[in-house]
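Thanks for coming, everyone. Let me put the structure up, and then we will walk through it.

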Amino acid sequence: MTSDSIQIPRSLPLLLTHDGVLLPGSSMRCSVDTSGNMELVRSRLLRGTSLKSTIIGVIPDTSDPASDREKLPAMHRIGTAALVVQVAGSNWPKPHYTLLVTGLCRFQILQILKERPYPVAEVEQLDRLENLSSKSEFKEALGELSEQFYKYALQLLDMLDSSVPAVAKLKRLLDNLPKELHPDILASIIRTTNEEKLQILDAVGLDERFKVTIPLLLRQIEGLKLLHKTRNPKTADDKRIVAIRPLRKLGGGAVKPFSLDDTEDDDEDSDDIILLEKKIKSCSMPEPAMKVCMKEMKRLKKMPQSMPEYALTRNYLELMSELPWSKSTTGESHRVSVKSVCPGVGTPHLQTTGFNRFFKGVFHFV
């Protein structure tokens, strides 16, 4: 299938999110725990058998109602058609799913066809996925803007350490991708707020998109210049601390600076993994548990995010970091009996099968 033959369906199920903004060409990890979004995953993604069933519409700046009794809020009219690359589920601390989605193109909501159990809308595709860079109209209308954008993007990359995998990969992308995709790709990587990404998403016209994104590039360049001035010019690592994200940034949430100091692993770790590692180190867990967690963290950093084991390992580490390792109860009033925790202990059946001793051993160990 060629790129110019790709068309999104006329109706799309909608995933409502307020944590982040997905731009075409970028990837994002979405946490799903509300009723409508959960039903979308169960009914559409887990039961679907065709490629069409994995294409959904991601609507930013819109919260999914907490229950079926609540009305749908006013939706942002511009969204991103996305391909669901991975679905991972967990039951702790409550049932939820984590989706890895990759943006395909922009669309506009024409009308809501169905609200329950999850919203479905008739949509109009706004971005065309064919390569426009070779067309004479593109060169005449946007040639100067696209060349200016490309110049600033190269200037930004020249200020970074080209030995870092993320920087080298981005340089190759700039040379190989069609120029009309540059604003979305760069905006998903450099340090931007959700409000700024929302402006870029709403910029349907290419000229407007370039004009909105160029100031963000200039701001990033000026920030790096200031950083280089404040650092010791004799150090060899002047270029290694930059506010830039890896291409596979996943989650929504607040934007934080990304450090490219660690180059031991080929994989570019995201900010939330770094924060999770710090949380594990500060939660006062016993030394045996800490060794296991650090071993799993090292595996997680090297693991591609598209692997199903990635989400399982991450959920395990998050569970370990949130356990109350340093909390305990004192006094007779807080003492818990074995029978209150395991009511079946002491029954004839458990005594004959040996489970009575097993339950007591597990409880006393905990």
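Cys30 is buried, and its relative accessible area is 6%. Bear in mind that this is a predicted model. Now take Cys283. It is buried as well, at 12% relative accessibility. How far is the sulfur of Cys283 from the closest cysteine sulfur? The distance is 7.0 Å, and the partner is Cys293. That is too far for a bond. A disulfide is a covalent bond between the sulfur atoms of two cysteines.

**The chain as a whole**

Let me step back. The chain has 366 residues, and 44% of them count as buried. Its secondary structure comes to 12 helices and six strands. The accessible surface is about 19,800 Å². Carbon and sulfur atoms account for 54% of that surface.

Next, contacts. Take those between residues at least 6 apart in sequence. Of these, 67% join residues at least 24 apart.

**Two loop residues**

Start with Thr17. Where is its place? In the loop between β1, residues 11-16, and β2, residues 27-32. Is Thr17 buried or exposed? Thr17 is buried, with a relative accessible area of 9%. Leave out residues up to four places away in sequence, and Thr17 touches Val58, Ile59, Pro60, Asp61 and Thr62.

Now Ser53. This residue sits in the loop between α1 and β3, and β3 covers 55-59. Ser53 counts as buried too, at 8% relative accessibility. Which residues is Ser53 in contact with, leaving aside its neighbours within four places in sequence? Arg44, Leu45 and Gly48. And here is a spacing to note. Ser53 and Ser43 are 10 residues apart in sequence. In space they are 9.9 Å apart, C-alpha to C-alpha.

**Rings**

On to the aromatics. A pair of aromatic rings is described by the distance of the centres and the angle of the planes. This structure holds one aromatic pair. The rings belong to Phe149 and Phe210, with centres 5.5 Å apart. Their planes stand at 80 degrees, so the pair is edge-to-face. Where do the two residues lie? Phe149 is in helix α2, residues 136-158, and Phe210 is in helix α6, residues 206-230. So the pair ties together parts that are 61 residues apart in sequence. Both Phe149 and Phe210 are buried.

Two lysines also lie over rings. Lys114 is over the face of Tyr118, at 4.8 Å from the ring centre. Lys151 is over the face of Tyr152, and there the distance from the ring centre is 5.0 Å.

**Salt bridges**

Last topic. Side chains of opposite charge can pair when their charged atoms come close. How many salt bridges does a search of the whole structure find? The count is 14. I will show you three of them in turn.

Lys94 and Asp33 meet in a salt bridge at 3.9 Å, N to O. Lys94 lies in the loop between β4 (78-90) and β5 (96-114). Asp33 lies in the loop between β2 and α1 (35-45). So this pair ties together parts that are 61 residues apart in sequence. Lys94 is partly exposed, at 46% relative accessibility. Asp33 is partly exposed, at 35%.

Asp158 and Lys171 come next, with their side chains meeting at 4.0 Å, N to O. Asp158 is in helix α2, while Lys171 is in helix α3, residues 165-176. The pair links distant parts of the chain, 13 residues apart. Lys171 is partly exposed, and its relative accessible area is 25%.

Then we have Glu309 and Arg299. Their salt bridge is 2.5 Å, N to O. Glu309 lies in helix α9, residues 308-322, and Arg299 in helix α8, residues 287-302. So the pair ties together parts that are 10 residues apart in sequence. Glu309 counts as partly exposed, at 33% relative accessibility. Arg299 counts as partly exposed, at 31%.

One more item. Which residues do salt bridges that share partners join into one network? Arg106, Asp184 and Arg209.

That is my tour. Over to you.

Notes:
Residues are numbered from 1 along each chain as its sequence is written. This is a predicted model: local features need pLDDT of at least 70, side-chain atom pairs count only at pLDDT 80 or more; totals for chains, interfaces and linings use all residues. Side-chain values use heavy atoms; hydrogens and water are left out. Rings of Phe, Tyr and Trp (its six-membered ring) pair if their centres lie within 6.5 Å; planes under 30 degrees apart count as stacked, over 60 as edge-to-face and the rest as tilted. Helices (H or I, at least four residues) and strands (E, at least two) are DSSP runs, numbered from the N terminus. Buried means under 20% relative accessible area, exposed over 50%, partly exposed in between (1.4 Å probe, protein chains only). A charge sits over a ring if NZ of Lys or CZ of Arg is within 6 Å of the ring centre and within 35 degrees of the ring normal. Contact means heavy atoms within 4.5 Å. Accessible areas come from the Shrake-Rupley method with a 1.4 Å probe; for residues, only the protein chains shown count as cover. A disulfide is a pair of cysteine sulfur atoms within 2.5 Å.
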